[in-house]
Amino acid sequence: MSHEGSSRSVTARQWPSHLLLALVTLVTLYPLLIVVRIALSPGNSGFTSSLDPIPEDVSLDNLIAVVSRTAADGSWVFGQQALNSIIIAAVTTVFAIFLATTAAYAFSRFRFPGRRVALLAFLISQMFPGVLMLIPLYQLLEEFGLLNHLVGLIIVYSTTAIPFCVWMLKGYFDTIPRELEEAAIMDGASQFTIFWRIMLPLAMPAVAVTALFAFMTAWNEFILAFTFMSEESAMTLPVMVNNYVGENSVQWGLFAAASLVVSLPVIALFYGLQKHLVGGLTSGAVKG
Amino acid sequence: MAGFLLTGVVAIGGVAVERYVGVRDTQRAVLAELRTQAHDLAREARRGGSPVHLEPAQLRSALANGGRVSVVSAGATDDFGITRGAEVSSDSGAGDGAAPTIPKEAWNKRIMDRSAELASEIEAGRVPPAALTQHLVSRPSGPPIGIVYAPISAKETYRGAVILARELTPPSPRSTVWTAILFALMASGLLWVGTRRHPSGRLPTWVSGLLVGLCAAAPVIGGVPGLWVATALLGLGLGACLNGPLAALCHGIRTQPSTYGYVAPAVVGLSLLVFVPFVMGIAIAFFDKSGDFVGLDHFTEVLVPSTTQQTDFWQTLGITVLWTFSNVVLHVGIGVALALVLNRPNLRFKGLYRVLLILPWAVPNYITALVWRGMFDSTNGAVNALLGVFGADSVTWLGDGGTLASNFLANLTTNVWLGFPFMMVVTLGALQSIPSSLYEAAEIDGATRLQRFRFVTMPLLKPALVPAIVLGTIWTFNMFNVIYLVSRGAPGGQTEIMITEAYKAFWILERPGLAAAYAIMIFVVLLAYGVTTDRVTKASQGAFE
């Protein structure tokens, strides 16, 4: 890289960047630290006037209460709900990414009748307010007996996630130079080989970001899950968190603990996908 | 081929809708007229002393001949196998499930028998007083019969009732006029679309005029068959104007099937689970809770300011636009700036910063919205505690104690915090794909840092950022959780945005029709936004290429 020669002066000039980033990071993290503090504080104390995000006494009572929650019949309802969330989010991700990568590839690389209309329809579908879809979707799921069924939510989540995934992936595919495919065509590669062996690996950073999005949509979604899943054993974790929020008051300790439990898997996933977000595969490929 | 199919679908759909709406209109009009008549007759009978009695034979013949007026001595409580007291409602057909199996003669006899019984019961004073009431009875064959009862009372004693029955023959003159206007409008719309799409295939003005005229006149002149003619004409027009694109589509599927194979699963899934519910949702806006067709009433209620509403639509729209604009500007500004800083070569702790800065995106937003609400609390909130550190006074941020600006600012802070990581990640992803050779070339050419950003980074970020900004705008516009959980619309509903108003209509007022009407307005605004950005900035041009 051309920058290497001047790396010393670059490092020296980094302190304004670090100052800025540290400040922004502090502001960003603070509300989350507050959640951690409330979750780990004993009792249901909630907010205090202290700015300090470190809890004075650490107690796991709230976390244990949330995780060990059982139903009236003694079954471990938290475990069931966690399993529901995991299954729904995982299957949704696989399903949505499969449908979206293929569609986005075609939208990016081929010109065909109906392409513009379909792209526009995908974009317009994002403009449909959720409240408008709620009643009809309920009726449809009821019609097919999919209320209180994981399958129902999986189908709804994957289809609603598709437009975003397609647009993001298409945007990314567009930035990948065509020379790579042209070279592959010269070498006699089939259309599918090009997609599977060349485009998909090159688009890995975007696929990772998009998969993360699809996962989070399914993992965090509340209103549809709240409407379609009325049985406690069919609920997902976000609906569980809502149990601790009353009409006028919030059981802050339990709410924060439950929030922590719901958020940790996604945070872990973010951490795990770091290298995909970083991996500059395309630039490397173009240069090589 | 596909054009013909479309023609058929449009024809059937058009006639079905027209007949349904037309019949309802007619029935309403006839029943209203009957009600007035019955009322007048009842008053007359009251003044005249004794109610008019119709012999059963007279009533029967009156009913059989389209039943103009029948007056019998009968009570308002009915037991004709008909639910009593209901307004004309959707269950009028289903409510008397026994009716279709009873022959017309027997059915008429039942009314007469029961009327006689009621008459004696009324005279004995056993039947409770009842108000003017009406009902619609569908029969196994022929048009339904509308029946109106009006009790005849004098000084608290019930001396009988007026029963008017009339066959409801569609369509009434009024609905025919509407049909003509509707069809003329639809025909002109189709012609306009067709001309725009295929400028070369433009029809002579007199032909278009004739077509529109025919579409409008056919239902007026020809009744129901005319309706079919007009709808068929319209369908042909639609078929013709879609014929080019459809033919192209069929050709495309034949010549490059694999391309459509890539796209089909996503398109089919989306059609079934997003577009079908959307159309169903639109239909809900035209009906009230009990399933009665209310036309555009819900839309008028949304758009026209009234004293019963807490906020008016146009103010809410203004707040929504301000909310969306300020959010998106800050999201993109902060997101891109942070991404550029993070993308600097040799920056230490890059990965750590990145993972920490993404965190707001990872936590469900209804959780963080609630936490921010707690942080803006006037006594225990961290925001006021921080202000206190700098010696500033505490501010009442939220609720009716705060101002519009303070509540709005609290919402904005929360949502900017929630939204910038997304833009940052999108920018980072796009920055990765910019070959560093481009920067090297620019550097060799003597481009300054600013020039490199302006002429290398910006153009290459655009393909990824434009869709993200468009989507971000739409999402922010529909960001329900933050408003609902942080400011809760305070003060006095002023920070309410359109989507929260729609949800309020749905959950609190329990009026799905009104909520749907509100949601359609949201959709219209977003669509207008999409179209104008497309026109003005050609923003999506790159995205469609």
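## Salt bridges, a helix and a core

Colleague: What is the relative accessible area of K504(B)?
Modeller: K504(B) counts as partly exposed. Buried means under 20% relative accessible area, exposed over 50%, and partly exposed in between (1.4 Å probe, protein chains only). K504(B) lands in that middle class because its relative accessible area is 23%.

Colleague: Before we go on, what kind of model is this?
Modeller: Residues are numbered from 1 along each chain as its sequence is written, while chains are lettered from A and ligands numbered from 1 in the order in which they are written. Side-chain values use heavy atoms, leaving out hydrogens and water; local features need pLDDT of at least 70, side-chain atom pairs count only at pLDDT 80 or more, and totals for chains, interfaces and linings use all residues, since the model is predicted.

Colleague: Which helix holds both E501(B) and K504(B)?
Modeller: Helices (H or I, at least four residues) and strands (E, at least two) are DSSP runs, numbered from the N terminus. E501(B) and K504(B) are three residues apart, so about one helical turn separates them, and the helix in question is α17 (residues 498-508) of chain B.

Colleague: Over in chain A, how far apart are the closest N and O atoms of K170(A) and D174(A)?
Modeller: Both residues lie in helix α7 of chain A, four residues apart, about one turn of the helix. K170(A) is buried because its relative accessibility is 1%, whereas D174(A), at 27%, is partly exposed. They form a salt bridge, with those atoms separated by 2.7 Å.

Colleague: How many salt bridges are there over all chains?
Modeller: The K170(A) and D174(A) pair is one of them. So is the E496(B) and K504(B) pair. By the same rule, the count over all chains is six.

Colleague: Which residues of α16(B) are buried?
Modeller: Helix α16 (residues 480-487) of chain B has eight residues and seven are buried, so the rest of the structure largely encloses it. Those residues pack against α11 (223-228) of chain A, plus α9 (313-342), α11 (365-375), α13 (404-432) and α17 of chain B. The buried ones are F480(B), N481(B), V482(B), I483(B), L485(B), V486(B) and S487(B).

Colleague: What residue follows α16(B)?
Modeller: Its phi is positive, near 55°. The residue is R488(B).

Colleague: In the largest nonpolar core, which residues touch the most other members?
Modeller: A nonpolar core is a set of buried Ala, Val, Leu, Ile, Met, Phe, Trp, Tyr and Cys residues joined through side-chain atoms within 4.5 Å. This core has 194 residues, and the ones with the most such neighbours are F107(A), M240(A), W361(B) and M375(B).

Colleague: Which helix gives the most to this core?
Modeller: The top contributor supplies 14 residues and spans residues 150-175 of chain A. That is helix α7.

Colleague: Which two domains of chain B does this core lie between?
Modeller: Domain bounds come from an automatic or database domain assignment. Both domains give residues to the core, so it lies between domain 2 (173-273) and domain 3 (321-514).

Colleague: What does S259(A) touch, leaving out residues up to four places away in sequence?
Modeller: S259(A) is found in helix α13 (residues 252-272) of chain A and is buried because its relative accessibility is 1%. Contact means heavy atoms within 4.5 Å. On that basis S259(A) touches V35(A), V241(A) and I367(B).

Colleague: And for chain B as a whole, what percentage of residues is buried?
Modeller: Chain B has 19 helices and four strands. Of its 545 residues, the buried ones make up 47%.

Definitions and conventions
A salt bridge is a side-chain nitrogen of Lys or Arg within 4 Å of a carboxyl oxygen of Asp or Glu.
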